[in-house]
Amino acid sequence: MPATEVVDLKQQAARLAEAVREAGALALSMFKTPLKNWTKGEALSPVSDADIAVDVLLRERLTGDGESIAWLSEESVDDPARLNARYVWIVDPIDGTRAYIAGLPDWAVCAALVENGRPVAGCLYAPVSDEFFFAVVGQGATRNDAAIATSPGAALAQARIAAPRKLLDRLQAIAPPFAVMPRTHSLALRLARVAEGTFDAGIAGGSSHDWDLAAADLLVHEAGGALTSFAGVAVTYNRPVPRHGTLVAAGRERHAALVELFRDERLASL
């Protein structure tokens, strides 16, 4: 297929959903079993045999038909050819590997189809709790086939906010009193909680990558919210360096209030 040809989005979204469900089942079958694990990169990120097995399965299921959809995964060698592709699969085989290795439940399989820098289909599956989140651009977002929506309103007082501890401390110094949500090891799952309205807002620290964000980004937007930088700029995916600064997700009214709050000079260093 030529790189500029339009894919059948309905067909690719169905393929994505099936692949992510299968990948989640594989990850769950290996959960709490003896696994080889190691670290990689300067950040010493954990990797396990399960991450690699799920990555292989997803790549086989999503790219096995010969269509020229590029590939970007946390657990695959990066191919710069993706930068010239209209479409790219962006995958995190297991988001929350530390939790997975430790036997904790808050990890997820995440994958999205990105077109020209923005996600158009996305899946997030948390197998331990059997929660399957799905979104297609312009068609809303669901959790286990039921429609979800971000929480309404703009108020920050008593808002349920999930964020890294250091950032929460800074926010508490300038924001109205709010409720601190328990830490979620999977960033994607933290953002999915915003999409479904369990959290009123979620914040990502300055070390997130495309694979942590793409599927959850679409979930949040299709659920009526926004995920942007502190300056209100939407995330662009499939760039040469797929890493992003601090981001905020919330329903649109509360998101606007948070963006305004983040203009405070006391948060300028974030």
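This report describes the sheet and the helix packing of a predicted model.

## The sheet

Strands of a sheet pair through backbone hydrogen bonds, and this pairing may be either parallel or antiparallel. In this model seven strands form an open sheet with mixed pairing, and their order across the sheet is β3-β4-β5-β6-β7-β8-β9. The edges are taken by β3, which covers 70–73, and by β9, which covers 146–147, each of them pairing on one side only.

Within the sheet, strand β5 (residues 108–115) is joined to strand β6 (residues 118–126) by seven bridges, and the two strands pair in the antiparallel sense. A point to look for in the structure is A111, which stands opposite C123 in β6.

## Helices lying across the sheet

Helix α1, made of residues 9–30, lies across β4 (87–95), β5, β6 and β7 (131–136), and its direction makes an angle of about 25° with β6. Helix α2, made of residues 49–63, lies across β3, β4 and β5, and runs at about 155° to β4.

## A pair of packed helices

Two packed helices are described by the angle between their axes and by the distance between those axes. For helix α5 (residues 187–195) and helix α6 (residues 210–222), the axes come within 9 Å and cross at roughly 0°. Because angles under 35 degrees count as roughly parallel, α5 is roughly parallel to α6.

On the α5 side the contact is made by L187, A188, L191, A192 and A195, which meet D212, L213, A216, L219 and V220 in α6. Sorted by kind, the residues of this contact between α5 and α6 comprise nine nonpolar, no polar and one charged.

Technical notes:
Residues numbered from 1 in each chain as written. Predicted model: local features only at pLDDT ≥ 70, side-chain atom pairs only at ≥ 80, totals over all residues. Heavy atoms only, no water. Pairing = 2+ DSSP bridges. Helix = DSSP H or I, 4+ residues; strand = E, 2+ residues; numbered from the N terminus. Contact = heavy atoms within 4.5 Å. Axes fitted to C-alpha atoms, helices over the stretch in contact; angles between N-to-C directions. Parallel < 35°, antiparallel > 145°, perpendicular 65-115°, else oblique. Nonpolar A, V, L, I, M, F, W, Y, C, P; charged D, E, K, R; others polar.
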